[in-house]
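The following exercises are to be worked through with the sequence and the coordinates at hand. Each task is followed by a stepwise solution.

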Amino acid sequence: MAGLATLHVVCLPKKTERHHTYNLIATEYSKAIAKPKKTWKRKVLCILGVFFALAIVALIITAVMQNKPLPKNIKYGIVLDAGSSHTSLYVYNWPAEKENDTGVVKQVEECKVEGNGISHYFQEPVKAGLSIDACVTRAQQVIPANQHKETPIYLGATAGMRLLRLNNHTVADEVLSSVENSLRSSPFDFQGARIITGQEEGAYGWITINYLLKNFVEESSVLNLLPSFRKTETSGALDLGGASTQITFVSDEDIETQENTLHFRLYGKSYNVYTHSYLCYGKDQALRLQLVKNIVNTRNGTMWDPCFNPGYRRNTSTSELYSSPCVSQHTRFTTTPVNFEIKGTGDYQLCKANIQSIFNVSYCPYSQCSFNGIFQPVLQGKFGAFSAFYFVMDFLKVAHEKATLEDVKERVQSHCSRPWDQVKADFPKIKTKYLSEYCFSGVYILSLLELGYGFNADNWKEISFLGKISGSDAGWTLGYMLNLTNMIPAELPPSPPLSHGVYVGLMVFFSVLLLFIVLICWLGFRKPRCLQKGII
Ligand SMILES: O=P(O)(O)OP(=O)(O)OP(=O)(O)OC[C@H]1O[C@@H](n2cnc3c(O)ncnc32)[C@H](O)[C@@H]1O
Ligand SMILES: [Ca+2]
């Protein structure tokens with residue numbers, strides 16, 4: 001009782017009045033201590049206050065504990081991208097209980113297979129299977145052993161194998177059987193090895209980047225309950241491989257060709273998507289087409305090529321050049337194999353002219369075309385450009401948003417004119433094949449995007465060059481796995497309107513607010529003792 005009584009506030013008089021009132025205060029104070037009145041009321045109020053504070057603390061603890069995310073049960077999946085130039089194995093993982101959410105699947109490992117793509121093993125198909133073994137072993141180290149059996153493993157082969165199949169169907173099947181045998185003998189759950197179509201390649205690339213950019217469903221937030229706040233824009237996908245290139249984007253226009261049309265229903269929304277895959281217009285096959293065009297510039301065993309840096313030289317042969325189905329019979333300059341040396345001249349304008357000659361823009365059987373008589377609707381929205389689009393722009397240091405089309409042209413032109421010895425000295429660690437081709441690739445990318453697809457100085461800013469998105473490579477593999485494991489639902493799964501973080505945050509905020517209001521009320525309604533006693 002004495003303890004409670006001593007808590008009373010004593011109002012001090014103003015400085016000038018102090019000497020008149022000191023005795024009075026002393027008297028009142030001693031009275032207050034000596035005879036506390038109505039202390040039972042204050043006691044009850046205080047006990048209630050303590051209970052109230054405890055209740056709020058309990059409320060916060062309950063909110064945090066009860067709504068705590070469950071311990072994660074991690075699932076794994078493996079996809080091998082058997083590209084024309086190389087094979088990569090990707091390991092993905094995701095929390096099992098969230099598998100229908102967007103953006104939860106993450107790439108945890110990329111293993112690059114030593115050597116060339118599987119189609120290069122056409123003379124010894126058995127070696128194709130052996131080539132991927134080291135990466136499959138790597139996946140066994142990354143994924144916990146008790147989950148190997150339930151981890152699906154897929155292999156998708158792209159344009160290199162499409163070309164091999166065009167050349168020799170039987171050999172292509174043998175190469176596929178070889179990689180299939182290798183994957184079957186792994187401890188993982190083998191789900192198939194097949195050549196995917198260009199249409200699938202474009203579609204899965206588009207799904208991958210939009211999934212990783214979280215463009216399909218917005219993070220749950222109170223604002224998303226209002227339709228005007230829901231992000232609906234997707235990003236188009238531009239993929240430049242070694243043997244084919246894909247363009248895929250949502251179009252509001254009528255898509256005039258069935259083979260270029262895709263309809264998706266993802267997370268409760270419908271998408272009308274245009275896609276096209278240009279076989280032979282990947283970077284390596286396009287270089288081959290350029291060399292074939294340039295063969296007329298061969299004198300005394302030397303081909304002077306404007307798309308290589310001055311001083312660059314490399315030996316090759318007509319049989320090597322003509323070994324692809326991309327080089328049609330009638331464009332063959334000679335049938336007898338001839339060895340010759342390529343020597344670079346680094347002439348941007350001549351290189352551009354050579355490259356532009358491989359795009360036929362004079363013929364279009366539809367209302368509008370890209371090139372080679374292929375229908376393409378008007379470009380729409382933003383685009384993510386990956387694979388060689390990114391490798392090349394990143395090397396030329398123009399992959400950032402601020403670079404204009406003019407900046408890129410200047411950078412490519414200046415790179416092409418640099419002597420090969422200087423280029424080599426500046427980048428000793430980059431593979432000679434990649435380094436020697438940046439001039440050609442830069443000019444080719446500009447021609448493909450400008451002359452081929454119709455980008456210009458205005459809409460260039462809509463293109464983002466993407467290597468990885470949130471740690472996962474931009475490419476078709478993730479979209480492929482998401483589709484085959486049914487991880488993208490057609491309809492939006494029911495979920496609480498607020499995420500765990502937002503929920504706990506709001507609980508804490510309102511509890512503290514409530515506590516604050518009660519405190520203010522208590523302080524406001526409580527009469528200071530000095531007033532009760534009429535001191536001032
Ligand atoms: O899709 P397909 O056509 O089957 O081919 P791919 O899958 O093998 O093609 P990539 O995207 O891996 O590579 C595209 C091209 O970029 C080249 N490339 C790969 N890595 C590179 C790098 O770091 N710098 C420059 N070029 C690179 C590669 O040799 C190819 O010519
Ligand atoms: Ca590829």
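**Exercise 1. The annotated binding site**

Ala-243 is buried, since 28 other C-beta atoms lie within 10 Å; a residue is termed buried if 20 or more other C-beta atoms lie within 10 Å of its own, exposed if 12 or fewer, and partly exposed in between, with C-beta atoms placed from the backbone. This is a predicted model, in which local features need pLDDT of at least 70 and side-chain atom pairs count only at pLDDT 80 or more, while totals for chains, interfaces and linings use all residues. Residues are numbered from 1 along each chain as its sequence is written, and chains are lettered from A and ligands numbered from 1 in the order in which they are written.

Task: Determine where Ala-243 lies and with which residues Ala-243 is in contact.

Solution. 
1. The unreviewed UniProt entry carries a "binding site" annotation covering Gly-242, Ala-243, Ser-244, Thr-245 and Gln-246; such positions are given in the numbering used here, feature names are shortened, and annotations may be inferred rather than shown by experiment.
2. Ala-243 occupies the loop between strand 6 (235–240) and strand 7 (244–250). Helices (H or I, at least four residues) and strands (E, at least two) are DSSP runs numbered from the N terminus.
3. With neighbours within four places in sequence left aside, the contacts of Ala-243 include Ser-84, Ala-159, Gly-160 and Asp-284. Contact requires C-beta atoms, placed from the backbone, within 7 Å of each other.
4. Thr-245, by comparison, is found in strand 7 and counts as buried because 31 C-beta neighbours lie inside 10 Å.

**Exercise 2. The annotated active site**

Task: State which helix holds Glu-201, and whether Glu-201 is buried or exposed.

Solution. 
1. The "active site" annotation of the unreviewed UniProt entry covers Glu-201.
2. Glu-201 belongs to helix 7 (residues 198–212).
3. Glu-201 is buried, because 29 other C-beta atoms lie within 10 Å.
4. Beyond its neighbours within four places in sequence, Glu-201 is in contact with Thr-158, Ile-196, Gln-246, Ser-277 and Trp-476.
5. Helix 7 as a whole is mostly covered, 13 of its 15 residues being buried.
6. Helix 7 is followed by Lys-214, which has a positive phi near 55°.

**Exercise 3. The faces of helix 6**

Task: Check the span of helix 6 (residues 169–184) and identify which of its residues are buried.

Solution. 
1. The expected span is 1.5 Å times one less than the number of residues. For the 16 residues of helix 6 this gives 22 Å, and the end C-alpha atoms are 22 Å apart, which agrees.
2. The buried residues of helix 6 are Ala-172, Val-175, Leu-176, Ser-178, Val-179, Ser-182 and Leu-183.
3. Viewed down the helix axis, the buried residues of helix 6 fall within an arc of 150°, so they line one face; the arc is that of the directions from the helix axis to the C-beta atoms.
4. This buried set packs against strand 1 (74–82), helix 4 (126–142), strand 4 (152–157), helix 5 (159–167) and strand 5 (189–195).
5. On the other side of helix 6, His-169, Thr-170 and Arg-184 are exposed.

Note on methods. Two residues are in contact if their C-beta atoms, placed from the backbone, lie within 7 Å.
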